[in-house]
Amino acid sequence: MRLPCAALPARLYGKREAAGIAAFALLLGLLAIRITRGADLGDESYYAIFIDDWLKGGIATSSFLVIHQTAALLVYPAALAYAALKGSSDGLFLFLRVLFLAGAAASALCWILFLKRLGYRLLAWAGGIFVLSFVPFGLPAPSYNTLGQQALTIALASLGVAALVDGRTREQFWWLIASAAAWAVATIAYPSLIMPLGALCLLGLWVGDRCFPRPLSYAAMTGAAVCAGWSLVILSLTFARLRDSVIFTGTAFDADGWGRKLAFVQDLFAANFAFSLLCVAAIGIGVARRRFPLFARLATVAVLAALFVTAPALYARSHDAVTLAALTGLGLLSGLRTNAGRAERAIGLVYATSLLAALTTGVTASNSVFNFSIGALPAAALAVVGRPAAKSSSVAGLIAVSAAIAAVLSTSLFSYYGELPGRPDAPREHITGGFFSGLALLPDDAALLRLVQERIDPLLENKPPIAILGRLPGLILAMPTRLSMPIAYAVPGGDKWLSPYEAFYRQPGRQPLLVLIYRDRYFLPPNPIPRFDNDYALADELKTPLGRIEVFRRR
């Protein structure tokens with residue numbers, strides 16, 4: 001199906017297509033440069049540690065008991081191939097970032113194909129650039145957040161294309177297959193996304209063939225794909241370990257339950273009154289956009305521009321921008337009415353599913369509303385582009401999507417996750433060997449890695465399993481040994497948080513030979529190892545650029 005904006009002169013179409021391709025390639029190049037800079041030894045390393053640990057000794061003997069490792073299984077085959085070809089894991093941190101960028105580009109290109117089916121030309125490329133721009137939490141790694149978001153975008157874009165195909169053709173069938181496969185990946189990366197998928201399939205079965213492409217076949221395809229994917233997960237991890245991981249994750253990451261999340265959201269919006277007003281304005285725009293489309297797009301520009309004069313509320317400005325943009329599209333839900341046209345219905349279906357995914361990620365994540373944008377990206381990308389319309393409205397749409405791109409890129413290109421604010425600028429040091437090879441790090445970070453290799457590596461004769469307490473578990477990536485920890489994450493304080501960790505260390509054979517405790521002024525790590533003072537003695541203490549590392553050896 002092609003809408004009137006498809007009837008452009010060939011010369012104008014060629015120029016707009018060339019401009020879109022050039023802008024997409026430029027941003028891809030900028031992001032490629034960006035991923036070579038900085039390294040986070042906390043959260044980003046958390047995702048890489050699964051891969052590193054499995055390469056050092058296999059999945060079966062790993063000690064990790066956290067559901068997030070299912071996302072790592074998706075990239076593990078590529079990491080295995082890289083290590084086999086390279087002969088080592090040198091440079092693997094950068095390779096994982098390349099995998100992230102490849103996934104981001106693939107999801108953006110799928111989104112562009114969907115928008116082109118709707119009749120867009122230059123705005124199709126602009127929408128794809130918006131999708132490419134978003135780096136969840138400013139952290140360019142193949143995490144459960146990024147992989148889930150990328151797979152969700154591909155699944156919804158493929159479904160949208162299938163909904164726009166005339167008749168029950170072979171082309172429609174293959175787009176539905178692509179959507180089902182992407183949903184399987186999305187649920188493995190981010191298991192709670194099974195909820196919007198289930199709702200989508202139920203909606204399809206309810207409305208039937210007139211409003212949904214092959215609903216029964218689609219439900220069967222997605223069901224089969226998800227079952228096949230999770231069967232591979234169970235074969236890799238074993239059912240018992242997967243079960244234990246679900247239990248441990250639920251206990252450790254949701255120690256205070258829904259009350260904590262609700263209090264967190266209330267406190268966050270109370271502390272960010274300006275952002276709360278912007279959310280109200282965005283909802284109002286979304287409600288009014290069907291009757292006043294041009295006004296809605298111009299108002300969207302104003303709301304997104306306001307983010308540059310307010311402090312980030314949902315962790316980063318990019319998350320604020322995606323959330324607000326998604327809310328301005330509420331009027332797109334009118335596409336779900338029974339008398340809607342095919343294009344409007346496809347838009348409404350994709351937008352509604354994305355919004356439900358956003359609610360799912362926002363409710364189930366330990367970071368609560370911070371993760372709303374993970375599921376909301378497709379909804380936001382539709383909202384800023386809007387329905388195909390007259391030329392004047394299309395120009396306004398281009399302005400709106402440009403404002404959204406600028407707000408998102410202010411985080412994606414200029415924020416370096418893990419680099420603490422207020423540290424003085426200094427020439428970066430290029431790392432030439434080891435897991436972090438190929439990265440340009442700040443001098444303090446590079447010095448910390450050298451200290452580990454020079455002072456701690458000699459203590460790891462025979463590669464005994466160790467534990468690292470504190471906010472930098474990624475130090476293990478610079479060592480030849482493995483972790484004996486249920487999760488490579490800084491343990492928060494409180495009895496409810498510590499109890500599952502303590503239960504792990506009470507099991508026979510779980511006590512590490514060495515324990516490294518990283519202390520600095522930013523985080524005071526609690527110790528979850530029972531009888532620690534009786535069983536361990538201080539063996540060494542190392543001064544680091546920002547703190548110190550205490551090395552304890554089991555008596």
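**Where the words come from**

Author: Let's begin with H68, whose place is in the loop between α2 (43-57) and α3 (69-86). Keep in mind that this is a predicted model.

Reader: What makes H68 count as buried or exposed?

Author: Buried means under 20% relative accessible area. H68 has 12% relative accessibility, so it counts as buried.

Reader: And which residues does H68 touch, not counting those up to four places away in sequence?

Author: They are Y46, F50, Y144, T249 and F253. Contact here means heavy atoms within 4.5 Å.

Reader: Where does Y144 lie, and is it buried or exposed?

Author: Y144 lies in helix α6. Its relative accessibility is 14%, which is why Y144 counts as buried too. Leaving aside neighbours within four places in sequence, Y144 is in contact with Y47, H68, A71, A189 and Y190. The C-alpha atoms of Y144 and L74 are separated by 9.7 Å, with the two residues 70 apart along the chain.

Reader: I see Y190 in that list. Which other residue here is in contact with Y190?

Author: N371 is, and its contacts beyond four places in sequence also include F137, N145, T361, G362 and A365. You'll find N371 in the loop between α15 (342-364) and α16.

Reader: How do you know whether N371 is buried or exposed?

Author: With the cut-off for buried at under 20%, a relative accessible area of 1% makes N371 buried.

Reader: Which other non-glycine residue has a positive phi?

Author: T238 has one, of about 80 degrees. T238 lies in the loop between α9 (215-237) and α10 (239-253).

Reader: Why is T238 called partly exposed?

Author: Buried is under 20% and exposed is over 50%, with partly exposed in between. T238 has a relative accessible area of 41%, so it is partly exposed.

Reader: Back to α16. How do you know that its length fits a helix?

Author: Helix α16 (residues 372-385) has 14 residues, and at 1.5 Å a residue it should span 20 Å. The C-alpha atoms at its ends are 20 Å apart, so the two agree. There is also a kink of about 45 degrees in α16, centred on P378.

Reader: What makes you say that α16 is largely enclosed?

Author: Of its 14 residues, 14 are buried, so α16 is largely enclosed by the rest of the structure. After α16 comes G386, whose phi is positive, near 75 degrees.

Reader: How does α13 do on the length check?

Author: Helix α13 (residues 293-306) has 14 residues and reaches 20 Å from first C-alpha to last, close to the 20 Å expected. Its buried residues include A296, R297, A299 and T300.

Reader: On to the strands. What makes β3 covered on both faces?

Author: In strand β3 (residues 466-469), I466 and I468 on one side are buried, and so are A467 and L469 on the other.

Reader: How do you know that β3 and β4 pair?

Author: Pairing needs at least two bridges, and β3 and strand β4 (residues 514-520) have 4, in the parallel sense. Within β4, L516 is opposite I468.

Reader: And what makes β5 and β6 a pair?

Author: Strand β5 (residues 536-543) and strand β6 (residues 547-554) pair over 7 bridges, in the antiparallel sense. They form a hairpin with 3 residues between them, and L542 stands opposite I549 in β6.

Reader: How many helices and strands are there in the chain?

Author: The protein chain has 20 helices and 6 strands. Its radius of gyration is 24 Å, close to the 24 Å that the globule rule gives for 555 residues, so the chain is as compact as a globular protein of that length.

Reader: How much of the chain counts as buried?

Author: Of the 555 residues, 57% do.

Conventions:
Residues are numbered from 1 along each chain as its sequence is written. This is a predicted model: local features need pLDDT of at least 70, side-chain atom pairs count only at pLDDT 80 or more; totals for chains, interfaces and linings use all residues. Side-chain values use heavy atoms; hydrogens and water are left out. Helices (H or I, at least four residues) and strands (E, at least two) are DSSP runs, numbered from the N terminus. The expected span of a helix is 1.5 Å times one less than its number of residues. The bend at a residue is the angle between axes fitted to the seven residues ending there and the seven starting there. Buried means under 20% relative accessible area, exposed over 50%, partly exposed in between (1.4 Å probe, protein chains only). The radius of gyration is taken over C-alpha atoms; the globule rule is 2.2 Å times the number of residues to the power 0.38.
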